Amino acid sequence: MDHVAVLALFDRDMREGARPDGPGARIERVDKVVRQVGAEHGWNGVVWSDLDEAGADAAIAEQIRYYADLGREFEWKLYGHDQPEDLGRRLRAAGFTAEPEETVMVAEVGDLTLDVEPPDGVSLLPVTDRAGVDLVADVHEKAFGTDSTRLRHQLLAQLTGDDDNVVAVVALAGDTPVSAARMELVPGTRFAGLWGGGTVEAWRGRGIYRALVAHRARVAVDRGYRYVQVDASHQSRPILARLGFAPLTTTTPYVRTPEAP
């Protein structure tokens with residue numbers, strides 16, 4: 001994979017050319033910043049910027065003012081190659097809190113190992129309705145220990161909207177949901193995004209996560225996408241590497257609430 005070319009394509013397709021991630025969301029392009037305003041319970045934040053040292057602080061202040069006027073918490077999704085080099089420090093000084101860094105990993109679907117099946121006794125169930133969304137959200141809460149309210153609303157809106165741009169799946173051990181994941185497909189781009197892959201602790205290490213990655217990648221192939229992309233934690237990075245993914249850059253969420261000073 002040509003790292004430089006794919007990184008430039010990723011920035012152009014998925015960041016500078018970002019599309020709304022669900023019904024009711026909108027993308028705004030203001031000066032050298034691309035941001036999303038989410039629907040109720042949706043994600044809000046900056047997905048791309050092209051800043052320099054002279055204008056970075058003013059751009060940060062403008063985004064803070066804008067989202068504060070909306071009363072919204074928002075995230076500045078900072079990538080490892082973004083400029084200026086001290087943008088993370090500037091965000092922290094402006095009241096943002098940095099969450100754990102992840103590695104953006106990308107694979108060309110034609111190079112992936114896709115003949116991966118779930119372990120014996122585990123089946124994969126496509127998610128198409130509210131009951132399936134509840135299963136995904138329940139797994140998410142158990143796997144990550146975080147509230148899944150926003151996920152429930154966003155995934156249900158995506159599945160019931162007019163666009164067919166999300167694929168979700170839950171892994172069942174008998175009737176018990178033990179892992180879940182989704183894939184977001186962005187029309188007009190070459191990237192399919194793999195999101196939310198998580199397995200409850202007692203079922204980790206059995207190959208379920210790998211099976212969910214392969215399942216979604218097969219769907220991406222069927223729909224004509226060339227690349228699949230994951231924001232990988234340190235736990236999932238070695239699994240993805242064994243499947244054929246390579247690191248592209250890093251990403252760190254910087255979060256700011258309206259109440260922050």
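Against which elements do the buried residues of α5 pack? In this predicted model, local features require pLDDT of at least 70 and side-chain atom pairs count only at pLDDT 80 or more, whereas totals for chains, interfaces and linings use all residues. Residues are numbered from 1 along each chain as its sequence is written, and side-chain values use heavy atoms, with hydrogens and water left out.

The buried residues of α5 pack against α4 (130-144), β8 (166-173) and β9 (176-185). Helices (H or I, at least four residues) and strands (E, at least two) are DSSP runs numbered from the N terminus. Helix α5 comprises twelve residues, 149-160, and spans 17 Å from its first C-alpha to its last, close to the 16 Å expected at 1.5 Å a residue; the expected span is 1.5 Å times one less than the number of residues. L151, Q154, L155, L156 and Q158 are buried in α5, where buried denotes under 20% relative accessible area (1.4 Å probe, protein chains only).

In strand β1 (residues 26-30) lies E28, which counts as buried at 16% relative accessibility. Beyond its neighbours within four places in sequence, E28 is in contact (heavy atoms within 4.5 Å) with V33, V34, R35, V37 and Y66. V37 belongs to strand β2 (residues 33-37) and is buried, with a relative accessible area of 2%.

The structure holds seven aromatic pairs, defined for rings of Phe, Tyr and Trp (its six-membered ring) with centres within 6.5 Å; planes under 30 degrees apart are stacked, over 60 edge-to-face and the rest tilted. F10 and Y79 form an edge-to-face pair, at 6.0 Å centre to centre and 65° between the planes. Because F10 lies in helix α1 (residues 3-16) and Y79 in strand β4 (residues 74-79), this pair ties together parts that are 69 residues apart in sequence. The rings of F10 and F191 have centres 5.5 Å apart and planes at 80°, so this pair is edge-to-face. F191 lies in strand β10 (residues 191-199), and its pairing with F10 in helix α1 therefore ties together parts that are 181 residues apart in sequence. F191 is buried, with a relative accessible area of 0%.

Terms used: Buried < 20%, exposed > 50% of the residue type's maximum accessible area, 1.4 Å probe, protein only.
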